[in-house]
Amino acid sequence: MMDAGLKSELQKQGVFTTTLESLYNWGRRNSIWPLQFGLACCAIEMIATTMARYDLARFGAEVFRPSPRQADLMIVAGTVTKKMAPQVVRLYNQMAEPKYVIAMGACAISGGPFKQGYNVLKGIDRFIPVDVHIPGCPPRPEALIHAFMTLQQQIAAQELTGPRRPRHLQPELPSEFPVPRYGDHDLVPPKNPDRWTAPAISRSNS
Amino acid sequence: MSPTPAEVSSNYLPVLGLAVAAALCACTPLWLGRLWARYFSPGKPGADKLATYECGLESKGDAWIHFKSGYYLYAIIFLIFDVEAVFLLPFAVIFTGLGAGAFVSLLVFLLLLAAGLLWAWRKGILNWAGDPARASFRGELSALPPLD
């Protein structure tokens, strides 16, 4: 790794240096292709984000792909019902690595206003790993753009080698996650225990 | 004096060089991509990822099923109305300038087409669900196993 001072000194002289890693991540973070699907009203905001006024194309992410094989990013835009959850997980499994997930809106991150409902999944992160959560009901396009920029920062910080490299570069870590199926009363399993455990609440009188 | 074989081959040597360069230009990125994938993109195939269907649902059943091909009959019947419109429209445009002979011949034309439609109707073709007793056309179709 090059010394930052030397790098800026060279830059003043007109010599630009980079690493393969940052070049690779630069290319990847400026061509994030989302999967084209929306689940509820958040999808309307997602569509607005891609249109001329908010212009997601500035981030290289306007190419919404209709096939999971060509997509890098899954935007879970809306309420994930228990009927839909297996399909969402299966689509995530079918995406090629490296793949990222933005959980957009209150429903996708926690169930939102339907959290007490019997038929709504209380957050997609119970089944698949989520990289960026956006609160809001629905989040404004600016919030989605902020999520994109956050994701870009995450990708820029990913290392190609070493023990801290991301999941997709570690051959032993899984690319697919178990797809739940419909049970008698709930999804089976109701959550992926490797992905998500209920937060422990400690009650004490003190 | 014609050039000797040695001269011909030396004349074409630059072409060979270009061909090699073109092949290298095509193959090097592919090879570099493969090299990159080997170190920085470990393949992780799985049952879901290798599935053919990509809409999120699981495919069920077999693609090699029998399906009802009865629609072609409707397409043929449509031709009756199609041809009728083609001839009736110019006829209507110059209707007032025509004699009785033209009118009668067109009536005969219409009658022939109507007779064809009537014949198809009586055969039970217009009945999509199928009347097994009358649909002699579809004897072979109704013998197929029903769909899901």
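1. In this predicted model, buried residues account for 15% of the 148 residues that make up chain B. The accessible surface of chain B amounts to about 12000 Å², and carbon and sulfur atoms contribute 71% of that surface.

2. As for secondary structure, chain B contains 5 helices and 0 strands, so that its elements, read from the N terminus on, follow the order α-α-α-α-α.

3. Turning to the interface, 17 residues from chain B and 25 residues from chain A take part in the contact. The area buried between chain B and chain A is about 1700 Å², with carbon and sulfur atoms giving 52% of it. On the side of chain B, the residues that lose the most area to chain A are B:Lys44, B:Asp48 and B:Lys49, which together supply 37% of what that side buries.

4. Between chain B and chain A the rule finds 2 salt bridges, and one of them pairs B:Glu58 with A:Arg90, whose closest N and O atoms are 3.8 Å apart. Across the interface of chain B and chain A there are also 15 residue pairs in polar contact, counted where both residues are at pLDDT 80 or more. Classified by residue type, the side of chain B that touches chain A comprises 8 nonpolar, 4 polar and 5 charged residues.

Key:
Residues are numbered from 1 along each chain as its sequence is written. Chains are lettered from A and ligands numbered from 1 in the order in which they are written. This is a predicted model: local features need pLDDT of at least 70, side-chain atom pairs count only at pLDDT 80 or more; totals for chains, interfaces and linings use all residues. Side-chain values use heavy atoms; hydrogens and water are left out. Contact means heavy atoms within 4.5 Å. Buried area is the accessible area (1.4 Å probe) that two parts lose on being put together, summed over both. A salt bridge is a side-chain nitrogen of Lys or Arg within 4 Å of a carboxyl oxygen of Asp or Glu. A polar contact is a pair of N or O atoms within 3.5 Å; within protein, one must be able to donate a hydrogen and the other to accept it, and residues adjacent in sequence count only if both atoms are side-chain atoms. Ala, Val, Leu, Ile, Met, Phe, Trp, Tyr, Cys and Pro count as nonpolar, Asp, Glu, Lys and Arg as charged, and the others, Gly among them, as polar. Helices (H or I, at least four residues) and strands (E, at least two) are DSSP runs, numbered from the N terminus. Buried means under 20% relative accessible area, exposed over 50%, partly exposed in between (1.4 Å probe, protein chains only). Accessible areas come from the Shrake-Rupley method with a 1.4 Å probe; for residues, only the protein chains shown count as cover.
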